[in-house]
Amino acid sequence: MKKQILLLFLSVIFITTTNASQEYDNLQREVATGWNTWNTYNVLSHVYLPEGLSVNIIFQNGWDRLTEANFFSKATPKENTAIPGKRSLDGSYTSLTLQWKGDSIRVETASDGEQWVAYITPCDGKEISSDLVIQVGTLWNRPAQLNFKDGKIIDNTTATSRTIGLTEAPLSAFRPAPVMQMESAIGKAAGIYAGREMTLSEIKEFVASKRNALEKELATYKRQSDNAEAVMAAIAWNTIYDPNINKVMSPVSRVWNTGWNGWILFDWDTYFAAYMFSLFDKNMAYVNAIEMTNNITEGGFIPNLASATGKSDDRSQPPVGSFVCREIYKKYGEKWFLNEVFDKLLTWNRWWPKARANGDWLSWGSDNVYCSFEANDRHSFKAALFESGLDNSPMYDNVPFNKEKNMLEIADAGLTGMYAWDCFCLAEIAREIGRDKEAKELTERGNRYKKALRKLWDKKSAFFLNRYTDGRDSFSTRISPTNFYPMLADACSKKEARQIVEKHYFNPNEFHGEFVIPSISRNDPAFHDQAYWRGRIWGPQNLLTYLSLKNYGLKEATEDMAQRSGKLLQKSWKAYGSIHENYNGITGIGHDIFSSDSFYHWGALLGFIGLIEDGYMPDPALPLQY
């Protein structure tokens, strides 16, 4: 009898796991369809999946050709080849601006099912001096059947024939195998169609209808409509298809993809992208959360990065996955998704105390294992900072890396707070899917680290502080947004939480100001470096600090952070079409240094905070209801 019960139990687990995996396979097939900017290397390449048919928009000026464009990271945004504009998630409407050879060109596209069009016009009302070239073929060595007929390209790759052509009379047409190419003058306007043949006026009307539909959708977010526009653009423009693994995903930026053979996913970056997607699109929220989770290493942790080149097998990154998956589930309520991610998230959760326990707390580290693509950075102080996600934070200046412990010699209040929070979020998920034993385990472990956080509470400063563990046995007085994170785990009283807000968040000598929240206190000597994590403002730190304050219902502070974060995002988005990796903590400018990618999706978290605050997402301070 016991054997029969065991076999039944194992069969139920197998069925649940199999169904969940099949759900994900089906989901990937579902999202990898239709027209979109799937090609990671070129935002002027519009691709139809699953066939891989591509219409590449090219501009020719004399002997010079603009054959590819991307949102390149520049110190001066006006030098950008392509400037992103508003767009829909599914590619039904996209817009961007090109600045090339003295021309300022607006490229708008629209699609509906198999029909796709592009409407190309000058931004300044002048005639465009460049000629328009379209190059039609299939990407990734997929088969194609293309022919010329009556000045148009006929695509018979699938059972449904489509016509691809220009609204203006072609100046030339030829076939540089294996693609077909047509060229035309633009003048004041030109159109491209793929599907049924359309006139320029029909294309203009079609594009306008899709633009209006998007603007109507964005208007539903009322005072947050500008933030919704920026968030949608950031995650949609950075969504790509990789043919080698046959997956759709949303890496941090196209610039990063280029350097990593097609795609790169960072741990907390990708989970936060999934969180932003959940505002608009269930399927893409699932795709990104599951894809990051499925990259769990043989060592049992979600890696700092996974890419076409390899994974960081020596280190992880901030444990935010359980929180994000919980929030996605709150919105959509599909348990297959929780079953898909739970066991891997649990394995990761169990890994932290085994690999990064430093006394009663946790510390960032790096294991002594082979890491092929960056062998010189593993098992080192630098690699430990990469695990923190705060690559050059002043908090860790003069903190030794212990090669025997594989970690920094500092008890980290931020990591310990996030980890206890992860335990509690994952325990809620466990209870929701009937894993009560694991829920108990997680709750007990979370409470143990929550209790340990009290030893990092400094009454004098009214703040949680990091503590040196290299024999100094004293607090570090360097503070950053991570010192707020124990609030995520309810590690202080409401009275103490109010003290934290009054003495630190609203303190202009530390974290408050026109632009918030700097990655190191304003009165720290390193603040004026304004170099990467040394004083600059980052979307993920703003979000985690906001969630810390939200957890205690500190409305004055959360509203303030939402308003100031959104203002910072819009400063560059409206002026330059930029959504930066990070921003200057003094000027609010993102393009003052080269180490701030100009179109990095987690920069949009600055606007996402306002959407949470105004109730467009489930309240993150509330647990799941059982």
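This is a predicted model: local features need pLDDT of at least 70, side-chain atom pairs count only at pLDDT 80 or more; totals for chains, interfaces and linings use all residues.

Author: Two strands count as paired if DSSP finds at least two bridges between them.

Strand 8 covers residues 115-122. Eight of its eight residues are buried. Take the two faces in turn. On one side sit Q115, V117, Y119 and T121. On the other sit W116, A118, I120 and P122. Both faces are covered.

Now the partners. Strand 7 (residues 103-112) runs antiparallel to strand 8, and eight bridges join the two. Within this pair, A110 stands opposite V117. Strands 7 and 8 form a hairpin with two residues between them. G113 lies in the turn and has a positive phi of about 65°.

Strand 8 also pairs with strand 15 (residues 190-195). This pairing is antiparallel too and runs over five bridges. Here A118 has I192 as its bridge partner.

Next, a helix. Among the buried residues are W268, Y271, F272 and F277. D267 and D269 are buried as well.

The largest cavity holds about 40 Å³. Its lining comprises W268, P318, W364, S388, L390, M418, T482 and Y485. That lining divides into six nonpolar residues, two polar and no charged.

Last, the backbone. Most residues other than glycine have a negative phi, and most peptide bonds are trans. Several places here depart from that pattern. The L49 to P50 peptide bond is cis, with omega near 10°. P50 sits in the loop between strand 2 (45-49) and strand 3 (53-61). The V516 to I517 bond is also cis, with omega near 0°. I517 belongs to the loop between helix 12 (494-505) and helix 13 (539-550).

Y532 lies in the loop between helix 12 and helix 13. Its phi is positive, about 60°, although Y532 is not a glycine. D473 also has a positive phi, near 45°. D473 is found in the loop between strand 27 (467-468) and helix 12. Is each of these two buried or exposed? Buried means under 20% relative accessible area, exposed over 50%. Y532 has 17%, so Y532 is buried. D473 has 55%, so D473 is exposed.

Notes: Residues are numbered from 1 along each chain as its sequence is written. Side-chain values use heavy atoms; hydrogens and water are left out. Buried means under 20% relative accessible area, exposed over 50%, partly exposed in between (1.4 Å probe, protein chains only). Helices (H or I, at least four residues) and strands (E, at least two) are DSSP runs, numbered from the N terminus. On a 1 Å grid over the protein atoms alone, a cavity is a set of points where a 1.4 Å probe fits but cannot get out, and a pocket is an open set with protein on both sides within 12 Å along at least five of seven lines; lining residues have an atom within 4 Å of a point. Grid points are joined across faces, edges and corners, and a volume is the space filled by probe spheres set on the points. Ala, Val, Leu, Ile, Met, Phe, Trp, Tyr, Cys and Pro count as nonpolar, Asp, Glu, Lys and Arg as charged, and the others, Gly among them, as polar.
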